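The following exercises concern one protein chain. Each task is followed by a solution in steps.

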Amino acid sequence: MKLSDMKTDLTREVEGVWVPLDENASVLVARFNNKKHAAAIERLRAPYRAQISTGRGISDEVSNKIALESMLEAILLDWKGILGDDGKELPFTKENARVALEIKDFRDIIAGIALQREIFRKAEVEEAVKNSATTSSGS
């Protein structure tokens with residue numbers, strides 16, 4: 001394996017990648033711990049810095065709040081085809097995203113996507129672009 005094949009596309013890590021959830025729904029997800037996400041976590045942890053540095057740590061409740069807020073800010077960026085309980089398409093807003101991320105299984109799915117290095121790899125991106133150009137020029 002070439003080391004260059006391990007490189008990720010830093011732009012995609014921050015701006016996100018569209019990933020299908022099923023045949024109708026997809027989400028725009030940025031990579032976990034990208035520079036924007038890391039900055040959000042740092043900012044959200046700042047009020048607890050003294051508490052953390054003295055070894056007392058932070059409660060699970062605070063830790064979960066920081067995780068959720070940082071995902072709202074820098075991981076879950078958009079969606080298509082997500083339906084509300086009434087069966088109608090739910091527009092992507094921060095409040096709707098908050099409600100969705102408060103559902104543990106949905107949050108776990110988004111986190112799982114954000115942790116998949118492969119979807120942010122440069123080689124994957126370059127191959128997709130090349131295939132797209134071939135398809136476009138061949139049609």
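**Exercise 1.** Determine which residues tryptophan 79 is in contact with, leaving aside its neighbours within four places in sequence.

*Solution.* Contact means heavy atoms within 4.5 Å. By that criterion, tryptophan 79 touches Trp18, Ser26, Val27, Leu90, Pro91, Phe92, Asn96, Ala97, Ala100 and Phe106. The model is predicted: local features need pLDDT of at least 70 and side-chain atom pairs pLDDT 80 or more, whereas totals for chains, interfaces and linings use all residues. Residues are numbered from 1 along each chain as its sequence is written, and side-chain values use heavy atoms, leaving out hydrogens and water.

**Exercise 2.** Identify the residues of the largest nonpolar core that touch the most other members, and the element with the largest share.

*Solution.* A nonpolar core joins buried (under 20% relative accessible area, 1.4 Å probe, protein chains only) Ala, Val, Leu, Ile, Met, Phe, Trp, Tyr and Cys residues through side-chain atoms within 4.5 Å. Among its 21 residues, Val27, Val29, Leu76, Trp79, Leu101, Phe106 and Ile110 touch the most other members. At least two residues each come from β1 (17–20), β2 (26–29), α4, β3 (76–80), α5 and α6 (104–114); these elements are DSSP runs numbered from the N terminus (helices H or I, at least four residues; strands E, at least two). The largest share, 5 residues, belongs to α6.

**Exercise 3.** State which residues of α4 meet which residues of α5.

*Solution.* From α4 come Leu68, Glu69, Met71, Leu72 and Glu73; they meet Lys94, Ala97, Arg98 and Leu101 of α5.

Technical notes: Buried < 20%, exposed > 50% of the residue type's maximum accessible area, 1.4 Å probe, protein only.
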